[in-house]
Amino acid sequence: MTLKTLAAAGCAAAVALSGAAPAFAQVPPPATTTAPRVTHGAVPPGLCIVSVEAAIGGSAVGKFVQTRLQQLVGQVNAELNGERTTIENEGKTLESQRATMDQNTLEQRAAALQVKANALQRKAQQRERELQVTEQKAFGRVGEEMEPLIRQAYQAKGCSVLVNRNSVILANPAADITPQVVTALNAKITQFTFDRERLDQQGNPAGGAAPR
């Protein structure tokens, strides 16, 4: 490994984060092709379906969480890429001085640069874990807000069985209570404050504020 590639090897994780995105943001958009028309039979009495994922993704608070997570990913990338650029520039400078520097000094500076690159790689791995925890907690909060609303929609429609829509191939839309859940969720909460979780500061975790 030459000094030119020293920093790049230590910063691979930082570069990888440039393509990171919240899990909900990675869900592919619905197909644009028109599905064949289906004639549904009558809804069995008491049978209802719901899609938790669609309710979160279609709600105002779910979209807010997605946008906020993308902002946090951007902040992490800016932090890591700035440090990566500094290390790469130091590596280029050291490479340009190779011919005029004694071997002992060259090895010492190269070792010091490698320590910085290794530290950046560890930081990138920690930031990735922090973003994952942040995503889990943020969508967990949305799920907690939504759970009683699903129960309310279930009771309002007189359901006796509730099925996950994602496990159903075809179903009469009249049995779907997802739109009612989205409407209720939008009325209850549209956003809340949260920041990236700091795994090195567990004594002072990022928390959420009251809904607005």
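A disulfide is taken here as a pair of cysteine sulfur atoms within 2.5 Å. This is a predicted model, in which local features need pLDDT of at least 70 and side-chain atom pairs count only at pLDDT 80 or more, while totals for chains, interfaces and linings use all residues. Residues are numbered from 1 along each chain as its sequence is written, and side-chain values use heavy atoms, with hydrogens and water left out.

The structure holds one disulfide, and this bond joins cysteine 48 to cysteine 159 with an S to S distance of 1.9 Å. The link of cysteine 48 and cysteine 159 is left-handed, with -85 degrees about the S-S bond. Helices and strands are DSSP runs numbered from the N terminus (helices H or I of at least four residues, strands E of at least two); in these terms cysteine 48 belongs to strand β1 and cysteine 159 to the loop between α5 and β2, so that the pair links distant parts of the chain, 111 residues apart. Both cysteine 48 and cysteine 159 are buried, where buried means under 20% relative accessible area, exposed means over 50%, and partly exposed lies in between (1.4 Å probe, protein chains only).

In soluble globular proteins, nonpolar side chains tend to be buried together. A nonpolar core is a set of buried Ala, Val, Leu, Ile, Met, Phe, Trp, Tyr and Cys residues joined through side-chain atoms within 4.5 Å. The largest such core has 32 residues, of which Val65, Val181 and Phe192 touch the most other members. Two or more residues of this core come from each of β1, α3, α4, α5 and α6, and α5 gives the most, with 12 residues. Contact means heavy atoms within 4.5 Å, and valine 65 touches Ala138, Phe139, Val142, Phe192 and Phe194 when residues up to four places away in sequence are not counted. Elsewhere, leucine 113 has its place in helix α5 and counts as buried because its relative accessibility is 4%; its C-alpha atom is separated by 7.1 Å from that of isoleucine 87, which is 26 residues apart from leucine 113 along the chain.

How are the buried residues of α6 arranged when seen down its axis? In α6, Thr178, Val181, Val182 and Leu185 are buried. The buried residues fall within an arc of 100 degrees, so they line one face of the helix, the arc being that of the directions from the helix axis to the C-beta atoms. On the other side of α6, Thr183 and Ala187 are exposed. What covers the buried residues of α6 includes β1 (47-50), α3, α4 and α5. A further view of this region comes from serine 59, found in the loop between α3 (52-58) and α4 (60-96), which touches Val182, Leu185 and Asn186, not counting residues up to four places away in sequence. Serine 59 is buried, with a relative accessible area of 0%, and its side chain reaches the backbone oxygen of isoleucine 56 at 2.8 Å.

The charged side chains complete the tour. A search of the whole structure finds 15 salt bridges, each a side-chain nitrogen of Lys or Arg within 4 Å of a carboxyl oxygen of Asp or Glu. In one of them the side chains of glutamate 79 and lysine 123 meet at 3.5 Å, N to O. Because glutamate 79 lies in helix α4 and lysine 123 in helix α5 (residues 103-156), the pair ties together parts that are 44 residues apart in sequence. Glutamate 79 counts as partly exposed at 25% relative accessibility, and lysine 123 is partly exposed with a relative accessible area of 25%. Within α5, glutamate 145 forms a salt bridge with arginine 141, the closest N and O atoms being 2.9 Å apart; these two residues are separated by about one helical turn because they are four residues apart in that helix. Glutamate 145 counts as buried at 14% relative accessibility, and arginine 141 is buried with a relative accessible area of 17%.

Another salt bridge joins arginine 165 and aspartate 176, whose closest N and O atoms are 2.6 Å apart. Arginine 165 and aspartate 176 both lie in the loop between β2 (161-164) and α6 (178-188), 11 residues apart. Arginine 165 counts as partly exposed at 30% relative accessibility, whereas aspartate 176 counts as buried at 12%. Finally, salt bridges that share partners join Glu79, Glu83, Lys123, Arg127, Glu130 and Arg196 into one network.

Technical notes:
Polar contact = N/O pair within 3.5 Å; in protein donor to acceptor, adjacent residues only side chain to side chain.
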